[in-house]
Amino acid sequence: MGEKINPELELAIDSSEYSRDNSLYLGYDAEKDTWLLILRYTGDIEDLNGKVINNCVYLLGGFAVINIDTANISILQSDPRVLYIDKANYYSYGITGNYYEKYLSCMSGSFDERYGLTGEGVCIGIIDSGLDIRNTEFAGDGNTRVVSYWDQNMSYDMEYPNRYGVGRIYDRAELSRMYRDGMSPGTSDNDHGTAVASVAAGSETGVAVQSDIIMVEQRKNRNYPDTISIMMGVDMLVRYGMENQIPMVINLSYGNNYGAHDGSGLLEIFIDTLSQMAKVSFVTGTGNDGDRSLHTNGLLGNVSYADLNVTVIGGIGNFGLQIWKSYIDIFDVLVYSPSYELVTYLSEGQTVTGMRYGETVIQGISQTPSPYNAKQLIYIFFQSDSYIQEGVWKVRLIPKSIANGVFNAYLPGESYVTGQVYFENAVPFGSLTIPSTSKSAISVASYDQNTGGITGFSGRGFTTDNGIKPDIAAPGVGITVSVGDGVYAMADGTSLSTAFVSGGAALLMEWGIVMGNDPFMYGERLKAQLIRGAGKLGNQAVYPNRYVGWGTFCVEGSLQGISR
């Protein structure tokens with residue numbers, strides 16, 4: 001179709017191998033032959049609504065979520081106001097004695113006494129699996145501190161309209177009534193969201209103990225959130241901060257592997273764009289893929305080939321393999337079955353569909369670069385109506401003309417698969433998940449505060465264009481979290497490290513913006529202050545580094561030298 005369309009979407013449209021539970025078709029309605037897609041545009045496109053586009057939800061920054069007939073996608077792409085058409089992808093949550101962790105993050109009793117910071121006057125927006133507003137961790141002064149709650153999973157009711165046409169948004173007054181009546185919005189499947197919120201803003205276990213809280217309970221598709229629900233949640237939170245003139249921290253404790261990992265994906269661009277529109281700071285985790293063998297890279301020459309050996313076990317229905325390379329390099333991609341039979345041969349600029357090995361179907365596309373990335377994506381998709389043939393699939397790169405030679409390859413996380421798929425020749429560096437590769441986000445890795453060392457699970461930098469990510473690291477092992485009112489557990493993961501930094505960002509915003517010490521304490525200014533105050537970790541001698549970025553999270557260190 002062209003360079004203005006996501007190659008995964010183009011492959012899905014060209015394919016005849018539709019499967020309802022197939023990640024390639026996320027956002028597709030087979031009965032209506034329509035797609036729910038993400039649009040980047042310029043100017044006024046209202047004349048397309050109701051004609052080329054069935055309906056449109058406008059987001060900030062020149063983005064929109066659209067419903068469109070498959071037949072009209074090529075028409076939409078030809079419109080000069082359309083910059084890019086993207087499809088949704090699945091995202092997964094990154095979670096596998098809080099007082100001790102707060103102490104190590106430079107928030108001791110003396111810190112509380114000296115600064116008196118609680119997060120009051122700042123809002124922490126959390127896009128996650130939900131929470132129970134009746135939990136005393138989210139209460140204060142006899143009321144809930146949750147000032148808005150968007151249940152994206154609830155059926156849309158025109159009696160309670162919202163601009164997104166999705167779910168139900170409860171305001172402060174409604175939530176206060178529900179709290180008094182012993183009720184709570186949302187679903188009961190809120191353990192992850194509750195844990196994250198309790199670390200960021202819990203009244204007892206949290207960092208910003210008096211901040212306002214907004215929960216966006218993400219719409220679930222096959223038990224995982226997707227790009228569209230995340231983007232709408234971000235849009236809602238930024239609008240809330242602008243309309244209510246309140247500083248906003250947005251906590252994003254999830255990630256996926258779809259993209260070039262250099263900040264050029266549409267979700268990352270969306271975050272970067274909105275970060276410049278309000279007093280907002282985005283905080284996101286680097287993911288838990290550091291030891292999961294989902295990334296590899298290499299240097300291809302003009303003489304010898306390179307093999308990507310992909311192991312598939314445990315009953316996999318479908319998964320995608322991304323290979324990102326310099327556009328100046330040209331090589332063919334050959335896919336061999338576990339019995340070493342050639343199944344697929346993909347050349348430059350080609351699309352192949354319906355290639356079979358037993359019950360396994362392989363499709364592939366080699367597309368030109370998008371308007372936002374000079375790199376080229378080669379996408380190979382494996383699927384089966386039952387299970388993909390187990391064993392080692394060999395993906396061979398055959399050079400034809402190589403000038404640069406660097407390539408990076410990614411497999412999906414648990415959000416796509418039920419069994420296990422991994423590279424035999426994995427490279428842990430570069431295992432950051434998206435959107436932690438966003439340039440404006442504060443990207444947070446985990447470290448083991450009990451041993452003073454790095455963790456195996458934490459996603460590692462740098463970005464594929466050698467951008468410094470992660471920015472900072474926070475405690476992430478054996479963290480005390482709330483899993484219900486008065487019920488606590490221990491948990492690990494970068495989700496919790498992210499929540500620590502979100503709470504700390506709220507404290508810095510309170511000190512700067514609310515208390516009038518620094519009206520610009522948000523965005524890049526706040527990130528720079530966190531980096532400046534970072535501590536050192538164990539035997540890590542060089543900073544920044546691929547494990548913890550510029551160092552370990554230390555709120556008091558970030559205030560030293562600027563506080564009055």
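Gln 245 is exposed, with a relative accessible area of 74%; exposed stands for over 50% relative accessible area, buried for under 20% and partly exposed for values in between, with a 1.4 Å probe and protein chains only. The structure is a predicted model, in which local features need pLDDT of at least 70, side-chain atom pairs count only at pLDDT 80 or more, and totals for chains, interfaces and linings use all residues. Residues are numbered from 1 along each chain as its sequence is written, and side-chain values use heavy atoms, with hydrogens and water left out.

**Residues with positive phi**

- Gln 245 lies in the loop between α7 and β13 (248-252); helices (H or I, at least four residues) and strands (E, at least two) are DSSP runs, numbered from the N terminus.
- The phi of Gln 245 is near 50 degrees, which is a positive value in a residue other than glycine.
- Tyr 340 also has a positive phi, of about 65 degrees, although it is not a glycine.
- The loop between β19 (330-336) and β20 (342-346) holds Tyr 340, and this residue is partly exposed, with a relative accessible area of 46%.

**Cis peptide bonds**

- Ile 434 and Pro 435 are joined by a cis peptide bond with an omega of about 25 degrees.
- Pro 435 belongs to the loop between β26 (420-423) and β27 (442-448).
- Another cis peptide bond joins Tyr 543 and Pro 544, and its omega is about -5 degrees.
- Pro 544 is found in the loop between α10 (523-532) and α11 (555-559).

**Packing of helices α6 and α9**

- Two packed helices are described by the angle between their axes and the distance between the axes.
- The axes of α6 (residues 191-201) and α9 (residues 494-514) come within 7 Å and cross at roughly 35 degrees; axes are lines fitted to C-alpha atoms, for helices over the stretch in contact, and angles run from 0 to 180 degrees between N-to-C directions.
- The crossing of α6 and α9 is right-handed, a term used if the near helix is turned clockwise from the far one by less than a right angle, whereas anticlockwise gives left-handed.
- His 192, Ala 195, Val 196, Val 199 and Ala 200 in α6 meet Ser 495, Leu 496, Ala 499, Phe 500, Ser 502 and Gly 503 in α9, where contact means heavy atoms within 4.5 Å.
- The residues of this contact divide into seven nonpolar, four polar and no charged; Ala, Val, Leu, Ile, Met, Phe, Trp, Tyr, Cys and Pro count as nonpolar, Asp, Glu, Lys and Arg as charged, and the others, Gly among them, as polar.

**The largest pocket**

- The largest pocket has a volume of about 560 Å³. On a 1 Å grid over the protein atoms alone, a pocket is an open set of points with protein on both sides within 12 Å along at least five of seven lines, a cavity is a set of points where a 1.4 Å probe fits but cannot get out, and lining residues have an atom within 4 Å of a point. Grid points are joined across faces, edges and corners, and a volume is the space filled by probe spheres set on the points.
- The pocket is lined by 23 residues, of which Gly 27, Trp 35, Leu 36, Asn 67 and Arg 219 are the closest to its centre.
- Two or more lining residues come from each of β1 (28-29), β2 (34-41), β3 (55-59), β4 (63-69) and α7 (227-244).
- The lining of the largest pocket divides into 12 nonpolar, six polar and five charged residues.

**The largest cavity**

- The largest cavity holds about 370 Å³ of space.
- Its lining has 28 residues, and Tyr 84, Asp 86, Tyr 258, Gly 265 and Leu 266 lie nearest the centre.
- At least two residues of this lining are supplied by each of β5 (82-87), α8 (266-274) and β23 (375-384).
- The cavity lining divides into 13 nonpolar, 11 polar and four charged residues.

- Asn 162, in the loop between β10 (146-151) and β11 (168-170), is buried, with a relative accessible area of 13%.
- Leaving aside neighbours within four places in sequence, Asn 162 is in contact with Trp 150, Tyr 156, Gly 167, Arg 168 and Ile 169.
- Arg 546, in the loop between α10 and α11, is partly exposed, with a relative accessible area of 32%.
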